[in-house]
Amino acid sequence: MTTALFYVFGATALAAALLAVTRKNAVASAIWLIVMFFGLAANYVLMEAWFVAVVQVLVYAGAIMVLFLFVIMLLDLRTEVLESTAAPRLPAVGVIAALLFLVGGGIAVHSASLDPGPDPQTGEARQAAALFPDEVATGPEIEGTAENIGGEIFGKWILAFEVTSVLLLGAILGAVILTKRRLT
Amino acid sequence: MGDLLTTLGSGLPLVGAEVTFWWVMGRIGLVLLLVHVLLIVGALMVWAERRVSAWMQDRLGPNRVGPEGLLQPLADLGKFMFKEDVVPKHTSKWMYMLAPAISLVPAMVTFAVIPFTGSYEPIYGADGQPTGEYITQSWQIADLNIGVLYILAIASLGVYGVTLGGWASNSKYSLLGGVRASAQMISYELSLGLAVVPVVLMVSSLRLGDIIAYQADTVWLLFTQPVAFFIFLVASYAETNRLPFDMPESETELVAGYHTEYSSMKFALFFLAEYTHMIVGAALVVTLFCGGWTFFGLEQLGWIMGVLIFAAKTTFFLFAFIWVRWTLPRFRYDQLMALGWAWFLPIALLNIVLTGGALAFDQDWVLYILPVALIAAAVIAAWFKYRRDLDNDVPKLERAPQLVGVAGSGGEER
Amino acid sequence: MNVLDLAPVLPLASEMAEFIPVLVMLIFGLAFAALNLVASFLLGQKAPTNPVKDMAYECGMPPISDAHQRFSVKFYLVAILFVLFDIEVVFLYPWAVKFEADKAFLFVEMLIFIGILFLGWWYVIRKGAVNWAQE
């Protein structure tokens, strides 16, 4: 049941993503991107990652896409302007980017299937990961509730969490400085 | 009939139960029922708003269609339906049609996690005798374990209808209204999100059912978290674009803001979305801060009582929406942004730190300082007002004489 | 034996099943909106259009220039600040749920986090970034 649903929502997300990159109107692209985020959120739910699913909607669909829409409307580039300023070799660049992505993905998948060598701690030989494993075993399985996520962030990853605040602070200062200069 | 209701009702709280085909069908039935209730109440709110406004301004309001004008929404619906569906040439067609739908759906979907009633059952001890304690089990469409965050996530989508509506209309008033509204809504969304954190801090759960059970067991969070309550209430006014924050459609400067170019049913959908937002906002205030469907043991009479209590409390806050509209003047845009960013944001953060500190070091009395101080201040202020009125001997305002039978006095006016 | 018990049990965890009604409600809401738009399109009267009717409404004046004009960068700044503070809000929720586990430690931890971001807020206010009155 969940597998079937995964394909439904995965296909939705994929179709929305394709529409997002092919639409000429930037606002339409943004809306398809929002639909894609919903497809992703639904797949997170199927993985029992409730918290990630809801944050996907809250932060990406609800906050970042508002920013995107603002930027699109703020600049309000007409289609003619876009066509005249777009690089003439844009399709070629797209093909090269797609090829690079395929090669990179291939390397990643290939290296995952290689012999990982002996375990650095125990010295025992480890088994290569299957390319399409039935069940991916990655550490203890925890349900993605807010409480479990909280336990991880505020226990194991406490330093990363505190550094995040400095990162956010930097972003705040940067945003203010960048926009202030144009205002005055 | 009573047995049937009880059977249907007891099928609702199903945490950890098996998911059968009939479970899903039951939930779908519940969705259909509640969506209709929501739409009907939304339509009635249009009538209520006009009647209450009229009452506050000493006029009659719509009173001709049906008893007390109650069928006015139906007449409105008919009129909206048969009006010409004008899609001006200068608009971006698809976006223009999408915007009203996008603004209505998030408002409706938020209602899924709000408990509208529940069961209240005694806990039996090992000897089969009641222990005197009770389980409060809330009933809602979907009992999500990330309930509060779900509400915030869906609420954050409400901004798209307004933004897109304003942009797609391709009219200066619409665009200005839409952009203003989006900036306002996202500013107050922060305060809204921060205001609920202390509530979660005290309850330690994101489930709305747990929040209600906590309040039923202890005290309404309105009393221990007055600051959070106030910020949440004001932010929900700003989120619904109601006075005193109706910047996006401030009639005197922007005609009708983001829906200037809309007509027929599309306009009606925007209108319905606003009222649905109001209902959901009021229901949320009730659930998070005023005990939801519980009322000091009255809910033990049965789940129908819970529905009535929930409806009564929500109605009060809906009335408050209209009341505030005719009491407070509109904020200026710079005042509105300053209130959100320079006041609500730090106060909400401070409230979190204060609550966290009080709980961390088991100093619960800190939480009661503010409510007690507020009540004391209100009593003192009332006493001074009373004294001053006595000193000045203010004459009571007399109601203007009613003109009976004079042309124009019995008319109806929005 | 109850007839209802014969229905098949769906292979879904009950936590996940709680999302089914949400999905149904989403679909129902969209369907309602679509139905209304189609109904009003079919039922509404159709009158011949003319250039004045198609004009953007500007209180009777013929509209000058295109409505899509660039607007103040301040709206953009508000949106960016919203994203940044929204991430802070997202961090606060798992913290609030987990708080009972180790109160004092978690309190100090979040005090540092909020403190650092409070500096950011102070800078924003100090620079008048959200002050719409002065120009």
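1. Some housekeeping before we go on. Residues are numbered from 1 along each chain as its sequence is written, and chains are lettered from A and ligands numbered from 1 in the order in which they are written. This is a predicted model, in which local features need pLDDT of at least 70 and side-chain atom pairs count only at pLDDT 80 or more, while totals for chains, interfaces and linings use all residues.

2. Back to B:Gly161: is it buried or exposed? A residue is buried if 20 or more other C-beta atoms lie within 10 Å of its own, exposed if 12 or fewer, and partly exposed in between, with C-beta atoms placed from the backbone. B:Gly161 has 27 C-beta neighbours inside 10 Å, so it counts as buried. Two residues are in contact if their C-beta atoms, placed from the backbone, lie within 7 Å. Leaving out residues up to four places away in sequence, B:Gly161 touches B:Ala99, B:Pro100, B:Ile102, B:Ser103 and B:Ala273. For B:Tyr188, 27 residues along the chain from B:Gly161, the two C-alpha atoms are separated by 17 Å.

3. Now for the whole of chain B. Its secondary structure comes to 15 helices and two strands. Of its 414 residues, 50% are buried. Among the contacts in chain B between residues at least 6 apart in sequence, 77% join residues at least 24 apart.

4. How confident is the predictor about chain B? The score to read is pLDDT, the predictor's confidence in each residue, from 0 to 100. Chain B has a mean pLDDT of 81, and 88% of its residues reach 70 or more. Please read two stretches with care. Over residues 9-16 of chain B, pLDDT stays under 50, and the model has eleven contacts beyond four places in sequence for them. Over residues 407-414 of chain B, pLDDT also stays under 50, with eight contacts beyond four places in sequence.

5. The expected span of a helix is 1.5 Å times one less than its number of residues. For the 26 residues of H12(B) this should give 38 Å, and the end C-alpha atoms are 38 Å apart, which agrees. Of those 26 residues, 25 are buried, so H12(B) is largely enclosed by the rest of the structure. Just after H12(B), B:Gly291 takes a positive phi of about 80°.

6. Chain A has seven helices and zero strands, and 22% of its 184 residues are buried. In chain A, residues 24 or more positions apart account for 44% of the contacts with a separation of 6 or more. Chain C has four helices and zero strands, and 33% of its 135 residues count as buried.

7. Where does chain C meet chain B? In this contact, 66 residues of chain C touch 78 residues of chain B. Helices H1 (14-17), H2 (19-43), H3 (73-98) and H4 (103-126) of chain C each supply at least two residues to that side of chain C. The largest share, 18 residues, comes from H2(C). Sorting by class, Ala, Val, Leu, Ile, Met, Phe, Trp, Tyr, Cys and Pro count as nonpolar, Asp, Glu, Lys and Arg as charged, and the others, Gly among them, as polar. The side of chain C that touches chain B then has 50 nonpolar, eight polar and eight charged residues.

8. Zoom in on one pair of helices there. The axes of helix H3 of chain B (residues 72-82) and H2(C) come within 7 Å and cross at roughly 65°. Axes are lines fitted to C-alpha atoms, for helices over the stretch in contact, and angles run from 0 to 180 degrees between N-to-C directions. Angles under 35 degrees count as roughly parallel, over 145 as roughly antiparallel, 65 to 115 as roughly perpendicular and the rest as oblique. H3(B) and H2(C) are therefore roughly perpendicular to each other. The contact is made by B:Phe80, B:Met81 and B:Phe82 of H3(B) with C:Ala39, C:Ser40 and C:Leu43 of H2(C).
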